[in-house]
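Welcome to my notebook. I looked through one structure and wrote down what I found, entry by entry.

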Amino acid sequence: MIKKVFERQLSWLERIFFVDFIKGLSVTIRHAFSKTITTHYPYEKLTPPKRFRGFLGHKVVDGNEPQPAFDEWVERFKIEVRPGRSRCVVCMLCKRACPVPQLFEIEGEKLPNGKRVVSIFNMNLMLCTFCGFCVDACPVDCLFNSDIHETASYTRKDAILNLEALEQIGRDWQARREKEPDRIWIDNHQRQKLWRENDLKLPEVKG
Ligand code: SF4
Ligand code: SF4
C-alpha cells in the first residue's frame with residue numbers, strides 16, 4: 001500500500017487563480033530570457049584546450065623533434081628518418097606503459113640499407129581509456145593526444161587507427177596547434193561562454 005506522506009489542501013484563492021501554475025511558469029519564463037551558458041552542439045563547437053586527451057596521433061618528422069633525445073633514439077635503434085612521416089622509433093615503450101597493451105599492434109621493417117622504419121602501428125581505440133600513459137612514455141614526442149573528440153562511428157573498425165591515420169592526425173594537429181601556447185583556455189570568448197564573464201571574475205587569458 002502506498003502511504004500518503006504529503007497532502008496539502010489548496011486554498012480557494014489558489015484554486016481559482018492557479019497560483020502554483022503561475023509560480024512555475026514564472027521560473028520557466030525567467031530562464032527562457034536569461035543568458036545561455038550551454039553550447040548549441042553540434043551546430044556550435046568549442047575547441048578543446050591544447051592538453052585535451054582526444055584521439056591519439058603520431059607527430060611527423062618536421063625538424064621540431066625533441067633534441068638530443070630524438071637523435072639518440074634514432075641512433076640507438078638505427079632508424080631511417082623520413083621527413084613528413086612518423087617520428088616513431090619502434091621502441092615499444094608506449095605499449096609497455098599501456099594498461100591495455102593488446103590494443104597496440106606495432107611492427108618495424110628493415111630497409112635494404114640496414115636501417116629500420118615503423119611499418120605497422122595499429123591502435124584499437126575502443127579499448128583505450130585515454131589515460132595518456134603511452135604519451136608520457138614516448139621518448140621522442142611522437143605519440144600524442146589530439147583534440148579530436150567526436151569519435152562515434154558506425155562500424156567498430158573505424159575505431160582502429162592505422163599508421164596512415166595516426167600520421168594524418170599528427171600532420172593536421174601540428175599545422176593547427178603546434179605553435180599555440182600551452183594553456184587551459186583557448187581564448188576569452190570560449191571561457192566566457194562556459195563560465196559567464198559577469199558571474200566569475202577570472203584573470204585574462206594571455207596568448
Ligand atoms: S591512452 Fe592509456 S589506454 Fe589509451 S593507448 Fe595510451 S596508455 Fe593505453
Ligand atoms: S613510444 Fe613512441 S617511439 Fe616508441 S613505439 Fe611508441 S610511438 Fe613509437
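I begin with a definition: helices (H or I, at least four residues) and strands (E, at least two) are DSSP runs, numbered from the N terminus. This is a predicted model, where local features need pLDDT of at least 70 and side-chain atom pairs count only at pLDDT 80 or more, while totals for chains, interfaces and linings use all residues. Residues are numbered from 1 along each chain as its sequence is written, chains are lettered from A and ligands numbered from 1 in the order in which they are written, and side-chain values use heavy atoms, with hydrogens and water left out.

**Entry: backbone**

I looked up Val90 and found it in the loop between H3 and helix H4 (93-97). Its phi is near 55 degrees, a positive value in a residue other than glycine. Val90 is buried, with a relative accessible area of 6%; buried means under 20%, exposed over 50%, and partly exposed in between (1.4 Å probe, protein chains only). Phe130 also has a positive phi, about 55 degrees, without being a glycine. I placed Phe130 in the loop between E3 and H5, and at 23% relative accessibility it counts as partly exposed.

Most residues other than glycine have a negative phi, and most peptide bonds are trans. I then noted a cis peptide bond from Tyr41 to Pro42, with omega near 5 degrees. Pro42 sits in the loop between H2 and E1. The bond from Gln67 to Pro68 is cis as well, with omega near 5 degrees, and Pro68 lies in the loop between E1 and H3.

**Entry: salt bridges**

How many salt bridges does the structure hold? I read twelve, each being a side-chain nitrogen of Lys or Arg within 4 Å of a carboxyl oxygen of Asp or Glu. Asp141 pairs with Lys59, with 3.0 Å between the closest N and O atoms. Asp141 lies in the loop between helix H5 (133-137) and strand E4 (143-145), and Lys59 in the loop between strand E1 (56-58) and helix H3 (69-76), so the pair ties together parts 82 residues apart in sequence. Asp141 is partly exposed at 31%, whereas Lys59 is buried at 6%.

Glu178 also bridges to Lys59, at 3.6 Å between the closest N and O atoms, and both are buried. I found Lys59, Asp62, Glu65, Arg87, Asp141 and Glu178 linked in a network of salt bridges. Asp147 and Arg177 meet in another bridge (2.8 Å, N to O).

**Entry: ligand shells**

I counted a residue as near a molecule if one of its heavy atoms lies within 4 Å of it. Ligand 2 is surrounded by residues including Cys88, Val90, Phe121 and Leu143. Among the residues around ligand 1 are Cys98, Phe104, Met123 and Phe130.

**Entry: nonpolar core**

Which residues have the most contacts inside the largest nonpolar core? They are Phe104, Phe121, Met123 and Leu143, in a core of 33 residues. Such a core is a set of buried Ala, Val, Leu, Ile, Met, Phe, Trp, Tyr and Cys residues joined through side-chain atoms within 4.5 Å. H3, strand E2 (104-110), strand E3 (116-124), E4 and H6 each give two or more residues to this core. H6 gives the largest share, four residues.
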